[in-house]
Amino acid sequence: MRKLISIAIVLFSALASTGAFAHAFLDHASPRVGSTVGSAPHELTLWFTQKLEPAFSTVEVTGPTGSSVGGKAQVSGTTMRVGIKAAGPGAYHVHWQALSVDTHKTQGSFTFTVGGH
C-alpha cells in the first residue's frame, strides 16, 4: 500500500508540474525587450515557450507618437512576426496577447528604443 501511495504522489507531482509550463510565455524578442537599436527595424519577432493559436494571438506596436506602426501578425508554431513601419527615433511600445494551442491565454508588453543618446 505504501508503494502505491508513493507512486501516486510521484505521478501527481509530475502532472502538476507540467501544467505550469502549458502557458505560452514570451521567451525572447527581436529587437530585444528593453533594448536600444540604431535604426528602426522592419520587423518585430516574438518567440514563445509553447505553440500559438494563430487566430487568437496578436501583437500591437506603437511608435514614438503613440500611433500604430505594426501590421497584421503572422503566427507559425511558437513564433509571431509583424512588419513595422519606421516612425523615427524614440520609444516603441509592444503589447502582445497569446493563446497557446492548449487554450491558455497570456499577455504582456515591453518597449524598445530606436536611436540612442
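This is a short walk through one protein model, from its overall layout to its core and then to one serine.

The model is predicted, so please keep that in mind throughout. The protein has 1 helix and 8 strands. Read from the N terminus, the order of elements is α-β-β-β-β-β-β-β-β. Of its 117 residues, 30% count as buried. The accessible surface comes to about 7,400 Å², and carbon and sulfur atoms account for 60% of that. As for contacts between residues at least 6 apart in sequence, 58% of them join residues at least 24 apart.

Now the core. The largest nonpolar core has 22 residues, and the members that touch the most others are Leu44, Leu46, Val59 and Val61. At least two residues each come from strands E3 (43-48), E4 (58-62), E6 (79-83), E7 (90-99) and E8 (105-114). E7 gives the largest share, with 4 residues. In soluble globular proteins, nonpolar side chains tend to be buried together.

Take Val59 as an example. What is Val59 in contact with, once neighbours within four places in sequence are left aside? The list is Leu44, Leu46, Ala73, Met80, Val82, Val94, His95 and Trp96.

Last, Ser35. This residue sits in the loop between strand E1 (26-30) and strand E2 (36-37). Is Ser35 buried or exposed? Ser35 is buried, because its relative accessible area is 10% and the cut-off for buried is under 20%. A polar atom of the Ser35 side chain lies 2.7 Å from the backbone oxygen of Arg32. Not counting residues up to four places away in sequence, Ser35 touches Thr111, Phe112 and Thr113.

Key. Residues numbered from 1 in each chain as written. Predicted model: local features only at pLDDT ≥ 70, side-chain atom pairs only at ≥ 80, totals over all residues. Heavy atoms only, no water. Core = buried A, V, L, I, M, F, W, Y, C linked by side-chain atoms within 4.5 Å. Buried < 20%, exposed > 50% of the residue type's maximum accessible area, 1.4 Å probe, protein only. Contact = heavy atoms within 4.5 Å. Areas by Shrake-Rupley, 256 points an atom, 1.4 Å probe, with all protein chains shown as cover. Polar contact = N/O pair within 3.5 Å; in protein donor to acceptor, adjacent residues only side chain to side chain.
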